[in-house]
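Trainee: Could you show me how to read the packing and the charged pairs in a protein model? Please go slowly.

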Amino acid sequence: ILGSGEVCMILNPPDLLHSLRSGSWQDVSRPVTSTATKNNLLLVEDSVIIRTQMQRLLKGAGYNVTLAENGLEGLQKVQEHNFDIVLSDVEMPSMNGFDMTQSIRQNSKYAQLPIVLITTLTSPEDKRRGKEAGANAYLTKGDFDQQLLFQTLRQLINPRSI
């Protein structure tokens, strides 16, 4: 990821040659068509840098991403749109992620809406607060693993397909 926040592709020439020789090369000039529908995801994050990077990562993985800059805006968007899952930071202005999660859970209409908290708060007490608020998963930014994030999203959005 460049300093501007843009994702930059890095090519590995030896690997490209190996792919060509082994016949595993695919023509990527033709668009891939998919009949699968994209999942609608709400990303609630106050840091513009993290929000931009997460949006690119999630869009690249095929999610339709809607952004909110704080918990209050996130709560309003949940009430206005249909989402398959919500990803949220915890420490934010206006309304934190714990309070937003708890407010979402107060409406029985959103009882099945998966909520994942992604935060720098790592203490057992914070994790307990996340669970008590109604979060389905609690991931930490310090040891962030995008594969774990994608696995968590798949499990929560399509629990029967795992």
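Mentor: We will go through the nonpolar cores, a helix pair and some salt bridges.
This is a predicted model, in which local features need pLDDT of at least 70 and side-chain atom pairs count only at pLDDT 80 or more, while totals for chains, interfaces and linings use all residues. Residues are numbered from 1 along each chain as its sequence is written, and side-chain values use heavy atoms, with hydrogens and water left out.

Trainee: Which residues have the most contacts inside the largest nonpolar core?

Mentor: In soluble globular proteins, nonpolar side chains tend to be buried together. A nonpolar core here is a set of buried Ala, Val, Leu, Ile, Met, Phe, Trp, Tyr and Cys residues joined through side-chain atoms within 4.5 Å, where buried means under 20% relative accessible area, exposed over 50% and partly exposed in between, with a 1.4 Å probe and protein chains only. The largest core has 20 residues, and V78, V86 and I104 have the most contacts inside it. At least two residues each come from β1 (40–44), α3 (71–80), α4 (97–105) and β4 (115–119); such helices (H or I, at least four residues) and strands (E, at least two) are DSSP runs numbered from the N terminus. Another core, of 16 residues, lies apart from it and includes M54, Y63, L87 and L149.

Trainee: At what angle do α4 and α5 pack?

Mentor: Two packed helices are described by the angle between their axes and the distance between the axes. The axes are lines fitted to C-alpha atoms over the stretch in contact, with angles from 0 to 180 degrees between N-to-C directions. For α4 and α5 (residues 124–133), the angle is about 20 degrees and the axes are 8 Å apart. That makes α4 roughly parallel to α5, a label for angles under 35 degrees. Contact, meaning heavy atoms within 4.5 Å, is made by F98, T101, Q102 and R105 of α4 and D126, R129, G130 and A133 of α5.

Trainee: How many salt bridges are found in the whole structure?

Mentor: Side chains of opposite charge can pair when their charged atoms come close. A salt bridge is a side-chain nitrogen of Lys or Arg within 4 Å of a carboxyl oxygen of Asp or Glu, and the search finds six. In one of them, K141 meets E45 at 3.0 Å, N to O. K141 lies in the loop between β5 (137–140) and α6 (146–157) and E45 in the loop between β1 and α2 (48–60), so the pair ties together parts 96 residues apart in sequence. E45 counts as buried, at 4% relative accessibility.

Methods. Angles under 35 degrees count as roughly parallel, over 145 as roughly antiparallel, 65 to 115 as roughly perpendicular and the rest as oblique.
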